[in-house]
Amino acid sequence: MTTPAGPAPAPTDFLQQWTDKARTRPRHILLPEGHDPRILQAAAEANALGVCRAHVMGDPAIIDQAWQSAGLTGDKPPVIPAGPDNPDFDRLCLTYAELRAKDGDRAPNTKAAARLLGHPVFLAAMMLKTGQTEAVVAGAASTTADVIRAAKYIIGLSDGVADVSSSFVMLGRQPQFGYEGAFVFADCGATIEPDAEVLAGIVIASARTAEGLLGCRPAVALLSFSTHGSASHPRIDKIRHTLALVRERAPGILIDGELQVDAAIIPEVAARI
């Protein structure tokens, strides 16, 4: 007979940890899709919880109407006007035009800058670039392409990162998997078919995300339909090239691949490879 195992420990409540941490220093967050009732509700709730100082961006009259039509209650989040009604619009257009002109060694084009920053997501990104806010949250009502373009062409990329990428934090109920039940998956939403150079940048950026959000030393698995040579394909060759690049550029990252998902997350399977 075997002794029944005790109940598994509960996974870490990362959401509560992040909430508690955010309350210690509420950051200024700008949400440029203020016409969307979901954004208004989220910003109001975040302000009420004290996790940030959220402002929404848009036409104040339209935002008022959206708030009332949705039947929202409580304190409406502060509104920052979009487009030419923004008191800093002309200055931000000039700053952006000068930055683009410097990159391309040409005269500043404020008319082109005004057309671009007329889109609230791009204006919000420019306000982040110039330090008028500490973060921008967008994508509920704007296309992924517009959000990525705003981040890439206005904010810019970190050193050593070849392109914009995305990652998802997945919080599970079984703490024996991942880091106390948590995983970071990338790239599931931005880069369709990265080459090895881009994929290496995605790995390094995602490892930093995992370390910052979960507070752990990340263990990275390069997922594939093959585990350590169980299949042959050019895509597997790309994974192996990526592995070599990451180990060269970021030797502190704990990484392995190529791995099928069971070998990556189940210790008993991993022990057999």
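This is a predicted model: local features need pLDDT of at least 70, side-chain atom pairs count only at pLDDT 80 or more; totals for chains, interfaces and linings use all residues.
Glutamate 134 is partly exposed, with 33% of relative accessible area. Glutamate 134 pairs with arginine 25, and their closest N and O atoms sit 2.9 Å apart. The pair ties together distant parts of the chain, 109 residues apart. Glutamate 134 lies in the loop between helix H6 (120–129) and strand E4 (135–136), while arginine 25 belongs to the loop between helix H1 (14–24) and strand E1 (27–31). Arginine 25 has a relative accessible area of 43%, so it counts as partly exposed too.

The structure holds 14 salt bridges. The general idea is simple: side chains of opposite charge can pair when their charged atoms come close. Another of these pairs joins aspartate 36 and arginine 38, with 2.7 Å between the closest N and O atoms. Here the two partners fall into separate classes. Aspartate 36 has a relative accessible area of 8% and is therefore buried, whereas arginine 38, at 52%, counts as exposed, because the cut-off for that label is over 50%. Elsewhere, salt bridges with shared partners join up Arg25, Arg27, Arg53 and Glu134 as one network.

Next comes helix H3, which covers residues 60–69. Which residues of this helix are buried? They are Ile63, Ala66 and Trp67. Looking down the axis of H3, these buried residues fall within an arc of 100°, so they line one face of the helix. The buried residues of H3 pack against helix H2 (37–49), strand E2 (52–58) and strand E3 (79–81). On the other side of H3, the exposed residues are Ala61, Gln65, Gln68 and Ser69.

The two ends of H3 have their own details. At its start, a side-chain oxygen of aspartate 59 comes to within 2.9 Å of the backbone nitrogen of alanine 61. After the helix comes glycine 71, which has a positive phi, near 70°.

Is proline 218 buried or exposed? With a relative accessibility of 12%, proline 218 is under the 20% cut-off and so counts as buried. Proline 218 sits in the loop between helix H8 (196–214) and strand E7 (219–223). Leaving aside residues up to four places away in sequence, proline 218 touches Ala207, Ala210, Glu211 and Leu254. As for glycine 252, it is 34 residues from proline 218 in sequence, and their C-alpha atoms are 10.0 Å apart in space.

Finally, the surface carries a nonpolar patch made of Phe168, Met170, Phe185, Leu223, Val261 and Ile265. Together, these residues have about 490 Å² of accessible area. Two elements give two or more residues each to the patch, namely strand E5 (167–171) and helix H10 (261–265). Methionine 170, one of the patch residues, has its place in strand E5. At 43% relative accessibility, methionine 170 counts as partly exposed, because that label covers values between the 20% and 50% cut-offs.

Technical notes
Residues are numbered from 1 along each chain as its sequence is written. Side-chain values use heavy atoms; hydrogens and water are left out. Patches are made of residues with over 30% relative accessible area and no salt bridge: like charges are joined within 9 Å, nonpolar side chains (Val, Leu, Ile, Met, Phe, Trp, Tyr) within 5 Å. Accessible areas come from the Shrake-Rupley method with a 1.4 Å probe; for residues, only the protein chains shown count as cover. A salt bridge is a side-chain nitrogen of Lys or Arg within 4 Å of a carboxyl oxygen of Asp or Glu. Helices (H or I, at least four residues) and strands (E, at least two) are DSSP runs, numbered from the N terminus. Buried means under 20% relative accessible area, exposed over 50%, partly exposed in between (1.4 Å probe, protein chains only). The arc is that of the directions from the helix axis to the C-beta atoms. Contact means heavy atoms within 4.5 Å. A polar contact is a pair of N or O atoms within 3.5 Å; within protein, one must be able to donate a hydrogen and the other to accept it, and residues adjacent in sequence count only if both atoms are side-chain atoms.
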